[in-house]
Each structure stands twice: as C-alpha cells, then as structure tokens.
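Reader: Please take me through a few of the labels attached to this model, and set each one against the rule behind it.

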Amino acid sequence: MKGLKLIVCCSAAITLIPLPIHAEPLTTMDEVGAAIMSCWNPPTGVEKSAVTLSFSLKSDGSLVGPPQSTSIDVAGDETVRQQFVAAAMDAVDRCTPVELSPGLAQGIGGNPFTMEFTSSDKAQTLSPSN
C-alpha cells in the first residue's frame, strides 16, 4: 500500500511540472519565444516589473551560454530584483533546448536574441539583438 501511495504522489507531482510540449519542430522565432514563455512563472507579488535577457541558441536548440540580463526594471528591494531575474533565467534554462525545424536551425546558430519577461504579460516575443 505504501508503494502505491508513493507512485500516486510522484505521478501527481510530475503532472504539475510545466513542460513545453511541441508536436512538431518550431519553425519561427515567435514559436521559439512562445515555447520559452511557457516556462515563465514570475514571482508572486511583484508588480510592474520587467527584465530583458539576451541569449543565443545553437542549431540544435540548446543555449550557447547562460542568458545575460540587459535591462532590469523590478519594483522592490535587491532580493526581489534577484528573484525576478533568476526566475526569468530559470524559464530559459528549463525550456531549452527547443526543437527547431531544419530551416530555422540553419539560420539561428549563435545569433544573439533578446526576450523581455514581465510581471503582467506572458506574450512577449523573441527579437534579434542589435
């Protein structure tokens, strides 16, 4: 009976973990942005805040290196700021690698992109960095 409880408990926990599910490889940067945003979970109680991250993807959809913050506008003290930035970086880490279509993979490798994570809007897009 204990074993059954453990299995049910673990099964329930696994189903609560947000995982990006894509039936087919991503074909546009908007789809890549949406896939990464599916992992964005802003800290609770933080209002009117945003962080912009810059990162690059390899042609296999994995990160070239860790994301870097390029703009931080977080309401709150240093602890809140750090938690907000860490949550955004965690979203990128958890949702990569992404599965890219051959055409997108061919042109994406190493190019820097920026992505804004806000406390109120989950519909941000991925943009090429200039």
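This is a predicted model: local features need pLDDT of at least 70, side-chain atom pairs count only at pLDDT 80 or more; totals for chains, interfaces and linings use all residues.

Author: Residues are numbered from 1 along each chain as its sequence is written, and side-chain values use heavy atoms, with hydrogens and water left out.

Reader: Why does Ser-62 count as buried?

Author: Ser-62 has a relative accessibility of 16%, and buried means under 20% relative accessible area, exposed over 50%, and partly exposed in between (1.4 Å probe, protein chains only), so Ser-62 counts as buried.

Reader: What is Ser-62 in contact with, leaving aside its neighbours within four places in sequence?

Author: With contact taken as heavy atoms within 4.5 Å, Ser-62 is in contact with Ser-56, Leu-57 and Pro-97. A cis peptide bond, with omega of about 5 degrees, joins Thr-96 and Pro-97.

Reader: Why does Lys-48 count as exposed?

Author: Lys-48 counts as exposed because its relative accessibility is 77%, over the 50% limit. Lys-48 also has a positive phi of about 45 degrees, although it is not a glycine.

Reader: What makes the pair Asp-90 and Arg-94 a salt bridge?

Author: A salt bridge requires a side-chain nitrogen of Lys or Arg within 4 Å of a carboxyl oxygen of Asp or Glu; the closest N and O atoms of Asp-90 and Arg-94 are 2.8 Å apart, so the pair qualifies. By this rule the count comes to 2 salt bridges, and Glu-78 forms one with Arg-81 at 3.2 Å.
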